Every structure is written in C-alpha cells, then in structure tokens.
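I opened my notebook to look up how this chain is put together. Here is the structure I worked from.

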Amino acid sequence: MSGGWNTIESDAGVFTFLLNNLGVKDVQFEELLTLEPESLASLSPVYGVIFLFKYPTDTPYTSTDKPLDGTFDREAGERLWFAAQTIQNACGTQALLSVLMNKEGEVDVGGPLREFREFTMALPHEFRGEALSNSELIRDVHNSFSRSSPFADETQQTRGEAEDAFHFVAYTPIGGTLYELDGLQPAPISHGACAEAEFPARVAEVLQRRVARYDLSEIRFNLLAMVRDRRAAAREIGDDEALAREERRRHDWQFENALRRHNFVGFAGAVTRAVVEAKLKEGGDAAYKGWVDEAKARTRLRLEGRKKGGGGEDVEMED
C-alpha cells in the first residue's frame, strides 16, 4: 500500500526543491552521469549519494544474515538515523533523509526536520519508519512533486505482466565508515573504513559492484549527489558568472516542478480544437488539409535533418 504517498521522479531539481520546502538550508542535488570518482569529487563537499535501481524480483533482496555486499552493522542502527521502510513510494524521500539526518553539524536541516530527528532518534528503527510514513509535513511536501496524470491505466489489471519496480538507497560516510542505508534491509550496511576525502572513490567501487550484478542490457540507473548549494561557493569566491548560471538552473528547475503539478490534456485539446475551427473558417476542408500536410512536411524535414546529423531545427515553409 502507498498510504497516500505518490511516486516522485529521481531528478536533481525535484530533490533540491523538496529539501528547500522542508526547510533545509544551503543544500542541493546534482545528477551524475558517470561512476568516475573525479566527477563526484568535483562537487565537494559531498554529503552522500542516492542511487535508484530496478528492484530485483528474480532473486532474494533482503537477508537477515548477510547482505550481498558489505556487512550488517546492527549497533549502528541505533546510533545512526536509520529507518525501516514501512510504506511504498516513500523510498526516495527516505533515502534523502537517511543522508540528511546523519549530517548533524554539517547541514542546517531547519526547525521541522530537527524536531522530527530528535523525536525519532529515541525510537527503534522500525518505529522511525512508521513516524516518517505518518508525518503529514514530509508526506505533503513529497507529494507536491508527484507528476499529475489525467489517465487511470486499467490495463495493468488485465495484462498479467508484472510491472518493474524501482528502489532508492543512500550511501554516506559517517564517523569514518561508508554506510549503505536501505530501509528494506534489517540494519545499516557497512562497506568499511572511509574518510570524507575517500568517499568518491570508495562509493564508486561499491556502486560498480552493485551495477555488475545486473545484465549488461539493464541501463535504468540514476545517481544523485547531495552537495552544498553551489551558489554559496560562487558567492564566496566572487564568481558572478557561475552564480548567474546556478540561478538560471534554479529558475529552470522551479519551472519544471510547476509543470509537474499540472496536466495539459484539456489545454492541448482546446488549442487544437480552436486551430482546427480557425482553419475551417479560413478556407474549409482544403485549408485544413493544407495545414495538416504542411505539418507533416515539417516533421519529415526535421527527422531527415536528425538522421544526417543536423540539429533538426524547424524549416520555414513557403505560403
């Protein structure tokens, strides 16, 4: 059961503004397109990473004895902020919090999350997950980034095909150890000693081993790094160009997040209907057919341009 938690995308803009709306200061996310340690190290300071992958259904995922990689650190489950995942669709926000709540003193998490951490640290990790699932503040902020869909897909009930499921886990260095924090596991997983400066190289090794367990054809992975707000660094060194670039990215993310909250099916239908009516008034069926043929010609030229390696820009057609 989802318990009122909707699915959200693994997207740097979504997770950055999710943090902002929870009251976190001077933190953002960056998407990584490679597992090269240098790529992650260039974003320093890095608080942790969140990894999205296809949940395996053909092999056991959890074990009470030993994980597939690393070792369970059951004592750390009480010492660190670690929560059992008790509800579907919340794993992205839970992974985010698994990094954030263990960076006390490094990150200003804001009043609401600070109070939530203080309250839940006194609980066993099973009840921390329940507290998270029942937090109206966190759930409402999480759901505000879910994509709006005007359609109900009823074919899922009749196809008989299992839908692929995906899962988020967090990796972060805490107290000189690299931990994997996965709410579906019985305890935090230790991947050995890891200084802050070693984190990019050490986590890359762990992730490469994890990816290697999948078929070569599986490419549906996503990696997000939780880092310091890059605008703050630009301000400190007086790099106005970098600051302007980061401000534009924030503006673009904000716009994209606003679009996620709306569907435009009705709007698109109204525009199409209005254009068709205008074309029919303009010259009847002949004008409408000419308009359609022109659109098809534009599309063909764009596709041909892309095949030839061109940009595929719009081509001006003669009247």
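I began with contacts, meaning heavy atoms within 4.5 Å. Among contacts in the protein chain between residues at least 6 apart in sequence, 72% join residues at least 24 apart. I noted that this is a predicted model: local features need pLDDT of at least 70, side-chain atom pairs count only at pLDDT 80 or more, and totals for chains, interfaces and linings use all residues. Residues are numbered from 1 along each chain as its sequence is written, and side-chain values use heavy atoms, without hydrogens and water.

Next I looked up secondary structure. The protein chain has 12 helices and seven strands (DSSP runs, H or I of at least four residues for helices and E of at least two for strands, numbered from the N terminus).

Then I checked burial. Of the 319 residues in the protein chain, 41% are buried (under 20% relative accessible area, 1.4 Å probe, protein chains only).

I turned to one residue, Arg210. Arg210 lies in helix H9, residues 199-212. Is Arg210 buried or exposed? Arg210 counts as buried because its relative accessible area is 4%. Leaving out residues up to four places away in sequence, Arg210 touches Phe51, Phe53, Tyr61, Val169, Tyr171 and Glu180. The side chains of Arg210 and Glu180 are also joined by a polar contact of 3.0 Å (a pair of N or O atoms within 3.5 Å, where within protein one must be able to donate a hydrogen and the other to accept it, and residues adjacent in sequence count only if both atoms are side-chain atoms).

Last, I listed a helix pair. Phe116, Phe119 and Thr120 in H5 meet Arg128, Ala131 and Leu132 in H6.

How values were computed
Buried means under 20% relative accessible area, exposed over 50%, partly exposed in between (1.4 Å probe, protein chains only).
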